[in-house]
Amino acid sequence: MEIAELKAELERLHRASFGWALSCCRRDYAEAEEVLQTVYLKIFEGKARYRGEASLKTWLFAVIRKTAIGEYRKRLLRNLVFIGGLDKRDDAATTETAPVAFEKSELQKQFRVALAKLPPRQREALHLVFYEDLSLSEAAAVMGISIGSARQHYDRGKKHLRDWLSETETNYGIGWRRKTQSAV
């Protein structure tokens, strides 16, 4: 793939890529921007090469995921070195760039809370399928697991979400299910 063609495709996928980076970075905007910047550098410096074995979007999401994991591990290691406290640069960055509040309703808040309770693999599988519109086989490729494992994480994640949301409905009187017409 030519550089100009690759650049055009990356620009077309940028919005979805940033959404996936946000998910991989636990909704930390500054961290997601940094990860995505690193990914683009890797691609244009030739450290990450697209070989055409999967769709460009699937390959790109896998690179984003691996980069986010690597950055997270580096930060953990840095924090372990500074046993006396956290690295002050990391603290300043997170307080200065507070994430944009997009809680439009109590329902969205409860849904995000339920989603956050999911184990990471289940959350990743649901995000890739629902928000990024990938198939289960593409999600499996991004996550680096078999299609069977991806299907299992996806199904379990949906079940856990359904259970937690039903519990919330019972506890708080919030209606998650569609209203059905009752027989008169």
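What share of the contacts in the chain between residues at least 6 apart in sequence join residues at least 24 apart? The share is 62%. The model discussed here is predicted.

## Secondary structure

The chain holds 9 helices and 0 strands. Read from the N terminus, its elements follow the order α-α-α-α-α-α-α-α-α.

## Burial and surface

The chain has 184 residues, and 33% of them count as buried.

## Packing of H1 and H3

Two packed helices are described by the angle between their axes and the distance between the axes. Helix H1 covers residues 3-12 and helix H3 covers residues 29-44. Their axes come within 12 Å and cross at roughly 165°. Angles over 145 degrees count as roughly antiparallel, and H1 and H3 are therefore roughly antiparallel to each other. The crossing of H1 past H3 is right-handed.

On the H1 side, the contact is made by Ile3, Leu6, Lys7 and Leu10. H3 contributes Tyr40, Ile43 and Phe44. By residue class, this contact of H1 with H3 comprises 6 nonpolar residues, no polar ones and 1 charged.

Terms used. Residues are numbered from 1 along each chain as its sequence is written. This is a predicted model: local features need pLDDT of at least 70, side-chain atom pairs count only at pLDDT 80 or more; totals for chains, interfaces and linings use all residues. Side-chain values use heavy atoms; hydrogens and water are left out. Helices (H or I, at least four residues) and strands (E, at least two) are DSSP runs, numbered from the N terminus. Buried means under 20% relative accessible area, exposed over 50%, partly exposed in between (1.4 Å probe, protein chains only). Contact means heavy atoms within 4.5 Å. Axes are lines fitted to C-alpha atoms, for helices over the stretch in contact, and angles run from 0 to 180 degrees between N-to-C directions. Angles under 35 degrees count as roughly parallel, over 145 as roughly antiparallel, 65 to 115 as roughly perpendicular and the rest as oblique. A crossing is left-handed if the near helix is turned anticlockwise from the far one by less than a right angle, and right-handed if clockwise. Ala, Val, Leu, Ile, Met, Phe, Trp, Tyr, Cys and Pro count as nonpolar, Asp, Glu, Lys and Arg as charged, and the others, Gly among them, as polar.
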